[in-house]
Amino acid sequence: YNRFNFSYSTLKLSEFGLEDTYPGFRFGWTGGYSVVETVPFFLETGVDFSFNTKVLEEDKYSKEKSTTASLIVPLQLAYKLSFQNGAYISPYTGFYFKVNVLGKDTETSYHYDETESYNWFDEDYGSYRRFQMGWRIGGNIGYKAFNFNVGYMLDFIPLCKEGGEKIKTSSVHVGIGVNF
């Protein structure tokens, strides 16, 4: 099977004992390949594009905003429990690989009409990583070609490791999909 997905997605960054949640969206394609013909186990892979942004601080003089974008490639096992009326439930778990294609902070001064951007991956900014890997779990509930999906992802490799501190990331997504 093949599926297009669109999801509301939150990205949580945890550092120095503080957590910050970035709202956003995710869309992509998932393909399922039968592992054993007699048992409904599937190996799923695909690619998702994730985009999250948050206004960190804003007043009448300035605005500070962070933006992230990533490509995510899952490699997971799914079990599809089908019912006679075309409905199904499909829980999954596995790993994923993430490439961070964008990470930046933008500061806009309304008073001076100036904007400055800081790339997270520049050497001057810190030791942010473009590549991360992690674990994910979730499920799909569907009827014929349509489905509702929910999932959770937790990175093994932190986004940044500066001195003794790490910026850890996780995300939750809730969305809809169409099988074809």
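**Notes on burial, salt bridges and surface charge**

1. S109 counts as buried because its relative accessibility is 18%; buried means under 20% relative accessible area, exposed over 50%, and partly exposed in between (1.4 Å probe, protein chains only). S109 is found in strand β6, residues 87-109. Its side chain reaches the backbone nitrogen of Y112 at 3.2 Å. Strands here are DSSP runs (E, at least two residues), numbered from the N terminus.

2. On provenance: this is a predicted model, in which local features need pLDDT of at least 70 and side-chain atom pairs count only at pLDDT 80 or more, while totals for chains, interfaces and linings use all residues. Residues are numbered from 1 along each chain as its sequence is written, and side-chain values use heavy atoms, with hydrogens and water left out.

3. How many salt bridges are there? The count comes to three, a salt bridge being a side-chain nitrogen of Lys or Arg within 4 Å of a carboxyl oxygen of Asp or Glu.

4. K98 is buried, because its relative accessible area is 6%. D155 is buried as well, with a relative accessible area of 10%.

5. D20 and K54 form another salt bridge, their closest N and O atoms being 2.5 Å apart. Here too the pair links distant parts of the chain: D20 is in strand β2 (residues 18-36) and K54 in strand β3, 34 residues apart. D20 has a relative accessible area of 26%, so D20 is partly exposed. K54, at 24%, is also partly exposed.

6. E19 and K12 meet through their side chains in a salt bridge, at 3.5 Å from N to O. Are these residues buried or exposed? E19 counts as exposed because its relative accessibility is 55%, whereas K12, at 30%, counts as partly exposed.

7. A surface patch of negative charge gathers E57, E58, D59, E107, D113, E114 and E116. Patches are made of residues with over 30% relative accessible area and no salt bridge; like charges are joined within 9 Å, and nonpolar side chains (Val, Leu, Ile, Met, Phe, Trp, Tyr) within 5 Å. Strands β3 (39-58) and β7 (114-119) each supply at least two residues of the patch. One of the patch members, E57, is found in strand β3 and counts as exposed at 53% relative accessibility.

Definitions and conventions. Accessible areas come from the Shrake-Rupley method with a 1.4 Å probe; for residues, only the protein chains shown count as cover. Lys and Arg count as positive and Asp and Glu as negative; His and the chain ends are not counted. The place of a charge is taken as NZ of Lys, CZ of Arg, CG of Asp or CD of Glu. Helices (H or I, at least four residues) and strands (E, at least two) are DSSP runs, numbered from the N terminus. A polar contact is a pair of N or O atoms within 3.5 Å; within protein, one must be able to donate a hydrogen and the other to accept it, and residues adjacent in sequence count only if both atoms are side-chain atoms.
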